[in-house]
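Subject: Structure handover

Hello,

Here is the structure for your files. My notes on what was found follow below it.

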Amino acid sequence: MLRRLPLRLLALLALGLLALQLYFLVRIALMNGLDPQSTSFQRSEIWRLATEKHEVAWSQDWVPDARLSPALKRAVIASEDAGFSEHGGVDWDALEKAWDKNQREQARADKRARAVAKAPARDSDKPAPAKPQAKVVGGSTITQQLAKNLFLSGERQLLRKGQEFILTFMLEALLSKQRILEIYLNNVEWGEGVFGAQAAARHYFRVDAAQLAPWQAARLAVMLPAPKRFEKRPGSAYVVGRASTIEARMGGVVLP
């Protein structure tokens, strides 16, 4: 009897995992006709704002694909996922490059940490220098980002990453590229409490998402990796310079 118990637990675990995948599958299939009302990331942000700031300043307004500026679509693809229209959800080359770069960054951080450890002792009343941290570079596609934002937490765990891959392939199998991009642009964060292209266009440029000019679209695209940081200085030299690079690439983007 005791020997059978682990097998039963494994069977229950397998059934639970299968049920979870079926739940995700049904939810994604329904997105062909129903717009998602919120994402896992948005709900976590609402909780954070409510608990930390005791208020939830929120701006989001869903607009259909036809009312999303083609310039914004091209800018986001050029900035975040140049192979969006061609790959099957995962850009393996980009992942390999990101892995290699992260390994090099980690090696540099470890080297700096060893140098700090070997440095002469500091006065006890002076704070110790912070331990050098490696800058993590992601290789996630737009579809992977959407999978994570819709259903998962932001924790960096192997199991979560595996689930992200499964969800990514589900999204690619059940939704068109056009629909994936539409859902992404309507739910992605563009600042604290600012979600979706329409809210971002109104917040930063006082225009609708359909009216975004190429230079405006490029600036919004630059902000995506770190919107809370860039919203403090949306006209900084880095944002303007990077936006010029993205705008130059937009002409070569083929929309799905």
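Arg206 sits in the loop between H8 and H9, where helices (H or I, at least four residues) and strands (E, at least two) are DSSP runs numbered from the N terminus. This is a predicted model, in which local features need pLDDT of at least 70 and side-chain atom pairs count only at pLDDT 80 or more, while totals for chains, interfaces and linings use all residues. Residues are numbered from 1 along each chain as its sequence is written, and side-chain values use heavy atoms, with hydrogens and water left out.

Arg206 follows H8, and its phi is near 60°, a positive value in a residue other than glycine. At 58% relative accessibility, Arg206 counts as exposed; the classes are buried under 20% relative accessible area, exposed over 50% and partly exposed in between, with a 1.4 Å probe and protein chains only.

Asp208 is found in that loop between H8 and H9 as well. Asp208 is partly exposed, at a relative accessible area of 30%. Leaving aside neighbours within four places in sequence, Asp208 is in contact with Gln198, Ala201 and Arg202 (contact means heavy atoms within 4.5 Å). The side chains of Asp208 and Gln198 are joined by a polar contact of 2.8 Å. A polar contact is a pair of N or O atoms within 3.5 Å; within protein, one must be able to donate a hydrogen and the other to accept it, and residues adjacent in sequence count only if both atoms are side-chain atoms. Asp208 and Ala197 are 11 residues apart in sequence, and their C-alpha atoms are 8.5 Å apart in space.

How many of the 9 residues of H8 are buried? The number is 7, so H8 is largely enclosed by the rest of the structure. The buried residues of H8 are Ala197, Gln198, Ala199, Ala200, Ala201, Tyr204 and Phe205. They pack against H3, H7 and H9.

For the chain overall: the protein chain has 11 helices and 0 strands. Buried residues make up 40% of its 256 residues. Of the contacts in the protein chain with a separation of 6 or more, 71% are between residues 24 or more positions apart.

The largest nonpolar core has 53 residues, and those with the most contacts inside it are Leu72, Trp190 and Leu220. A nonpolar core is a set of buried Ala, Val, Leu, Ile, Met, Phe, Trp, Tyr and Cys residues joined through side-chain atoms within 4.5 Å. At least two residues of this core come from each of helix H1 (4–30), helix H3 (70–80), H5, helix H6 (158–174), helix H7 (177–187), helix H8 (197–205), H9 and H11. Not counting residues up to four places away in sequence, Trp190 touches Leu72, Leu185, Gly196, Ala197, Ala200, Tyr204, Leu220, Ala221, Met223, Leu224 and Pro227.

Next, a helix pair. Helix H9 (residues 214–223) packs with helix H11 (residues 237–250) at an angle of about 115°, and their axes are 8 Å apart. Axes are lines fitted to C-alpha atoms, for helices over the stretch in contact, and angles run from 0 to 180 degrees between N-to-C directions. On the H9 side the contact is made by Pro214, Trp215, Ala218, Arg219, Ala221 and Val222; on the H11 side, by Tyr238, Val239, Val240, Arg242, Ala243, Ile246, Glu247 and Met250. These residues divide into 11 nonpolar, no polar and 3 charged. Here Ala, Val, Leu, Ile, Met, Phe, Trp, Tyr, Cys and Pro count as nonpolar, Asp, Glu, Lys and Arg as charged, and the others, Gly among them, as polar.

Two loop residues remain. Thr141 lies in the loop between helix H4 (92–118) and helix H5 (142–151). Is Thr141 buried or exposed? Thr141 is buried, with a relative accessible area of 1%. A polar atom of the Thr141 side chain lies 2.5 Å from the backbone oxygen of Gly89. Leaving aside neighbours within four places in sequence, Thr141 is in contact with Asp81, His87, Gly89, Val90 and Asp91.

His54 is in the loop between helix H2 (40–52) and H3. His54 is exposed, with a relative accessible area of 67%. The phi of His54 is near 60°, a positive value in a residue other than glycine.

Regards
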